[in-house]
Amino acid sequence: MEAWMIALIAVAGVILVLAIVFFAVTHVYSNYVIGSNYKEPEGDDPAKYGVDTSWFDTDDVKAALGEETITSFDGLKLVSWTLKHKSDAPVKRVAIVQHGYHAGPRSVQPFAQMFFEKGFDVYMPAARGHKISEGKYIGMAWLDRFDIMRWIDKVIELYGSDVKIALFGISMGGSTVAAVSGMQPPPQVKCVIDDCGFSSQLDQYNSLLKDVKIPRSWLMVPFTMGVRFKCGYSVSDADICALVSSSALPTLFIHGERDSFVPVALGKKLYEACAATDKRLELFDAGHAASVASDRERYGAILNEFVDKYIPGEDNASEQGNA
């Protein structure tokens with residue numbers, strides 16, 4: 001065999017091996033980041049995040065707990081925990097409370113409790129790819145936004161066109177509800193609360209790789225290709241800021257200034273991009289998703305004031321009517 005043929009075969013072999021390695025890395029790395037996963041907060045010191053999961057096991061709350069299901073745009077069965085008041089009068093205030101990355105309905109306990117004790121019925125969707133909801137891959141807010149739109153439709157279907165809806169999300173869930181605010185949701189959605197959401201997927205991934213000693217592209221290129229193949233969108237297109245720039249909904253942004261997972265700079269960027277005429281940014285001396293744990297009294301007061309302005313209860317409504 002001629003030398004040039006041997007060299008050509010050798011080069012082709014090297015290219016083939018490199019291609020196999022590249023696609024293996026693409027598969028493994030993207031699965032590691034966005035593969036279906038779920039962790040109960042008990043596994044990560046729930047008190048650190050102000051979570052008391054035993055609240056769900058109290059008699060009154062257990063009696064109010066239930067489940068609803070929807071089907072996503074791509075055919076997944078999605079499940080939400082619900083908390084519904086037992087009352088003769090129809091409830092017309094509903095909060096949809098979305099958990100964060102690798103979490104679940106139990107992890108949103110402090111926020112669900114705040115809304116429930118204000119008289120709201122509460123929906124706590126398990127995001128796609130998080131245990132009780134189907135899905136091989138986590139939506140990272142970009143796909144979850146479509147799921148929340150379907151949960152909004154479900155609430156309107158069950159409660160009637162006069163229902164008033166608050167959207168709340170933490171971390172990835174915060175980015176999800178912020179994204180929804182710019183998708184022209186139904187008029188029943190009155191306000192949005194984003195606790196420590198990221199500004200875009202690209203911003204978030206780059207922030208997590210800031211201390212990596214190798215070029216970011218070595219990790220980002222195979223990962224972004226994996227997301228494209230598995231989920232059908234480009235990471236560079238998953239820009240929450242671009243969506244909130246079209247939002248007209250009153251939005252409260254909350255962030256911990258010591259957040260090392262979703263840096264506060266990303267929360268500020270999202271706040272600045274938001275086009276809502278009524279928007280508010282509240283900062284806490286806290287780490288990621290721990291603002292409520294750092295000062296629950298202040299957190300509750302801020303949330304109550306904001307929500308009551310747009311979805312007042314009967315007492316608040318009568319006071320506003322007499323003003």
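Rings of Phe, Tyr and Trp (its six-membered ring) count as a pair if their centres lie within 6.5 Å; planes under 30 degrees apart are stacked, over 60 edge-to-face, and the rest tilted. Searching the whole structure gives 13 aromatic pairs.

This is a predicted model, in which local features need pLDDT of at least 70 and side-chain atom pairs count only at pLDDT 80 or more, while totals for chains, interfaces and linings use all residues. Residues are numbered from 1 along each chain as its sequence is written, and side-chain values use heavy atoms, with hydrogens and water left out.

Select Tyr-123 and Tyr-159. Their aromatic pair is edge-to-face, at 6.4 Å centre to centre with 70° between the planes. Tyr-123 belongs to strand 4 (residues 121-125) and Tyr-159 to helix 4 (residues 144-159), so the pair links distant parts of the chain, 36 residues apart (helices are DSSP runs of H or I, at least four residues, and strands runs of E, at least two, numbered from the N terminus). Tyr-123 is buried, at 0% relative accessible area, and Tyr-159 is also buried, at 9% (buried is under 20%, exposed over 50%, partly exposed in between, with a 1.4 Å probe and protein chains only).

Next, select Phe-111, Phe-115, Phe-120, Phe-168, Phe-284 and Tyr-299, a cluster linked by ring pairs.

Move to Trp-142: Arg-145 lies over its face, 3.8 Å from the ring centre. At Tyr-271, the charged end of Lys-279 sits over the ring, 4.7 Å from the centre. Such a charge is NZ of Lys or CZ of Arg within 6 Å of the ring centre and within 35 degrees of the ring normal.

Finally, show the whole protein: 12 helices and eight strands, with 53% of its 323 residues buried.
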